[in-house]
Amino acid sequence: MSPLELDFDACYRAASARDARFDGRFYTAVKTTRIYCRPICPARTPAARNVRFYRHAASAEAAGFRPCKRCRPELSPGDPGWDARGDLVGRALRLIDDGAADEDGVSGLARRLHITERHLHRLFVAELGAGPLAVARTRRLLLAKQLLTETALPVTDVAFAAGFGSVRQFNATMRETYGFPPSELRATAGGPAPATGQGAPGAASLRLRLHRREPYDVAGVLTFLAARAIPGLETADEHAYSRAVPGGTITLTPRPGHLALDVTVDDTRHLARVVARCRRLMDLDADPDAVRDVLGRTSLGPLVAARPGLRVPGAFDGFELAVRAVVGQQISVAGARTLLGRLVERAGRDGRLFPTAAGLLDADLTGLGLTGRRVVTLKELATRVAGGLIDLDGGQEPAEAVKALLAVPGIGPWTAGYIALRALRDPDAWPTGDLVLDRRMAELGIPKDHLERWRPWRAYAALHLWSHR
């Protein structure tokens with residue numbers, strides 16, 4: 001069924017019940033008020049004759065509806081249907097969230113996906129009811145709305161942080177789409193008073209809420225990340241996760257119903273990308289009900305029942321995760337952390353950021369404890385990523401990316417599968433040959449042919465087995 005073909009009766013029942021399971025899956029637009037809401041909006045449920053339902057916020061805005069100030073659609077968790085998709089539209093949406101359309105326009109977005117701009121527009125209209133430009137604009141507006149409501153960031157910096165090219169463009173778009181200027185939204189939100197910007201992006205420290213879909217096993221995610229935290233780059237424990245990012249730092253702290261993101265950046269134009277990558281890192285847009293419905297009926301049923309909100313930790317940067325996987329081949333997690341810490345100290349930007357693919361190519365990797373074969377593999381991986389032959393941040397279809405990874409000397413099925421599981425966000429990825437997974441399956445008496453029964457959620461099956469004690 002096309003995402004445009006929403007079941008009206010099912011959507012109306014979910015909105016009437018304020019069912020949180022549907023938050024982010026569709027939006028309720030009211031014809032009499034010209035406002036669209038989340039399914040959980042506390043406002044009185046409108047009469048069915050006055051309602052329309054849209055799969056994406058951009059579709060509602062393209063039809064002339066404004067976001068509700070009460071339920072705040074900008075706080076919705078992402079639609080898990082798009083989060084799990086590796087097709088062109090799913091990948092394009094992830095790239096838009098990552099700021100690709102802001103940096104290179106829709107034409108650049110299409111080139112990265114190796115299709116024409118016209119074909120990309122046709123796919124978006126068929127799937128979402130709005131083109132990629134409208135989707136990118138809605139993403140900018142909703143991020144700006146959250147920043148205006150939750151932070152004291154100057155309006156000028158909000159404009160740049162949300163991806164607008166100028167304050168004038170930001171003001172005009174807000175007036176055209178929402179019917180009021182940014183300053184009016186901040187004043188009526190009852191939030192911090194606006195400061196006066198100087199017309200250029202600047203350093204900012206702020207806190208945002210990243211909402212999630214429940215149940216969410218935050219302890220499991222933090223434990224996983226803490227065990228693999230790279231010295232000098234990251235710190236993590238059961239209470240929070242912190243790391244250096246280009247131009248600043250981030251800290252993610254669990255809160256009821258959301259994660260608090262404390263971020264410091266020296267250029268607010270990096271903010272949208274930071275938010276998108278934090279959501280992927282923490283797997284905030286997953287659908288735990290869909291995973292439970294499949295895995296709960298298999299030999300993994302007891303594990304799923306014990307931890308129904310288990311997530312697959314992602315990656316802040318795809319190339320970084322690929323390097324982690326290569327360095328971690330056939331050694332312990334602790335040993336990999338030590339080597340990666342040395343790598344960051346030697347080749348990282350400012351000695352604290354993970355090196356880019358181009359930076360790794362220029363780095364001297366001798367004397368770090370890496371074998372000669374590992375160094376060759378890392379250099380070849382960096383060459384292909386820097387040259388655009390491998391895209392690990394969302395532009396390449398997962399199966400194509402895995403095929404390209406396997407062509408790198410020194411990368412086998414386990415490494416490619418692990419990269420697909422965490423960096424490529426493939427929910428069905430499986431790190432073939434993983435000794436821990438093989439041992440856990442044997443301990444639980446699970447035959448190898450059960451792998452097929454776990455599709456399309458084998459990545460989540462792997463996390464359940466890895467975390468089982």
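This is a predicted model: local features need pLDDT of at least 70, side-chain atom pairs count only at pLDDT 80 or more; totals for chains, interfaces and linings use all residues.
Author: Residues are numbered from 1 along each chain as its sequence is written, and side-chain values use heavy atoms, with hydrogens and water left out.

Reader: What makes up the secondary structure of the chain?

Author: There are 22 helices and nine strands. These are DSSP runs, numbered from the N terminus: helices are H or I with at least four residues, strands are E with at least two.

Reader: Why is Glu61 called buried?

Author: Buried means under 20% relative accessible area, exposed over 50%, and partly exposed in between (1.4 Å probe, protein chains only). Glu61 has 6% relative accessibility, so it counts as buried. You'll find Glu61 in helix H2, residues 57-62. Leaving out residues up to four places away in sequence, Glu61 touches Tyr36, Pro67, Thr138, Leu141, Leu142, Thr177 and Tyr178; contact means heavy atoms within 4.5 Å.

Reader: And what makes Arg118 exposed?

Author: Its relative accessible area is 70%, so Arg118 lands on the exposed side. Arg118 sits in helix H6, residues 117-128.

Reader: How much of the chain counts as buried?

Author: That's 55% of the 469 residues.

Reader: What makes a group of residues a nonpolar core?

Author: The members must be buried Ala, Val, Leu, Ile, Met, Phe, Trp, Tyr or Cys, joined through side-chain atoms within 4.5 Å. The largest such core here has 119 residues, and Met282, Leu295, Val323, Leu381 and Trp454 have the most contacts inside it. A second, separate core has 20 residues, including Trp82, Ala101, Val106 and Ala136.

Reader: Which residues does Leu295 contact?

Author: Skipping neighbours within four places in sequence, Leu295 is in contact with Leu300, Gly301, Val304, Trp454, Trp457, Tyr460, Ala461 and His464. In soluble globular proteins, nonpolar side chains tend to be buried together.
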